[in-house]
Amino acid sequence: MSTIQTLRGPIDSSQLGRVLIHEHVFLMDMEYTINYRPDFFTKDTIDAAAVRLNALKAAGIDTIIDLTVLGLGRHVPSLIAVAQKTGLNIIASTGIYTFNDVPGPFGFYGPGLLHDAPEPLIEHFVRDITQGMGGTAIKAGELKCAIDAPGLTPGVERVMRAVAQANRITGTPITVHTAPAKHTGLDVQRVLSEEGVDLEDVVLGHCGDSTDIDYLMKLADQGSILGMDRFGLDLGITTQQRVETIAELVRRGYAGSLTLSHDCCCWSDYFPQVEDYRRALPNHHYLHIHNDVLPMLREAGVSEADLDAMFIGNPRRHFEGTAARFAARG
Ligand SMILES: [Zn+2]
């Protein structure tokens, strides 16, 4: 048992229920949206999001982790407004999403920089977790960073090491966006280990984009949880391939290392209209796993117990295990 922060306040880990471990509610370039998408800042956006999240709750999911951090348009007032209209637990995140440089506010501010100071990224992340986000008392419950095709650039490494330190200071679990084609999960495990993070505290996101079983087993053997988390993002890999990879990992005894999700959202400025997003990626919605993927997984030989591990047991262990290891360190 451990306490988990959600957008409606703390819950006990026993209340997590069935979890989608990598989703977003709103996803945007916040500066663009402020200037060019006033439609975001309306009650309609909040109401439409609540309808979609309530449909997910009705389909049997109790909790999502919203991995929208700086760089993806985290907007705390809108998130809180949506959370008030749904029974779904939404766990918010802190961290930075970048494939290259740190965001502008940190370019000159930090150890050895023009404004020389202890790493401000750590301070920002820890404040979100211990005091609240965006001037509210609502706390983040997950840490997030990213590494993609450019690899471990100086900016990516700085953010990753700061996320690691925030994990060490607060006992908050970590999700990392990885690029499996470049095997960047291995870079993540090395850097986080160097910072003293227990790799069992970590979900390696987007592992489901890979069919490289040897690579995936290597990551899981180090204790990390694999995010099979982009169902419906039908780019470069088919749903059938995603399903077969999971079924093969389950046959090899890795059901305890897998989690399921879509990495989708209710509203994004990545498309001119929400309808354009639906047209471009018709399967990329919160009910795709429930409606389309679960029958395929069962057909491929994945049992109900395996599915319960992916939806319930593994996400719960992600939080409870991280908290227990933190408490044990004193
Ligand atoms: Zn994501």
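**Exercise 1. Find how many bridges join E3 to E5, then build up the sheet around them.**

Start with the pair itself: E3 and E5 run parallel and are joined by 3 bridges. Strands here are DSSP runs of E with at least two residues, helices are runs of H or I with at least four, and both are numbered from the N terminus. Two strands pair if DSSP finds at least two bridges between them.

Now zoom out. The open sheet has 3 strands in the order E3-E5-E6, paired in parallel. E3 (19–23) and E6 are the edge strands, each with a single partner, so one side of each has no neighbour in the sheet. From one strand to the next, the twist averages 20 degrees.

Contact means heavy atoms within 4.5 Å. Axes are lines fitted to C-alpha atoms, for helices over the stretch in contact, and angles run from 0 to 180 degrees between N-to-C directions.

A word on what you're looking at: this is a predicted model, where local features need pLDDT of at least 70 and side-chain atom pairs count only at pLDDT 80 or more, while totals for chains, interfaces and linings use all residues. Residues are numbered from 1 along each chain as its sequence is written, and side-chain values use heavy atoms, with hydrogens and water left out.

**Exercise 2. Work out which residues coordinate the zinc ion, and at what distances.**

First, list the donors: His22 (NE2), His24 (NE2) and Asp263 (OD) coordinate the zinc ion at 2.1 to 2.2 Å. Donors are N, O and S atoms within 2.8 Å of the metal (3.2 Å for Na, K and Ca); water is not among the atoms, so sites may look incomplete.

Then check the spacing in sequence, which reads H-x1-H-x238-D.

Last, are the histidines buried or exposed? His22 is buried, with a relative accessible area of 2%, and His24 counts as buried at 2% too. Buried means under 20% relative accessible area, exposed over 50%, and partly exposed in between (1.4 Å probe, protein chains only).

**Exercise 3. Decide how much of helix H3 is covered, and by what.**

Count first: in H3 (residues 76–83), 6 of the 8 residues are buried, so call the helix mostly covered.

Name them next: Val76, Ser78, Leu79, Ile80, Val82 and Ala83.

Then look for the cover, which includes strand E4 (26–27), helix H2 (43–58), strand E5 (63–66) and strand E6 (89–91).
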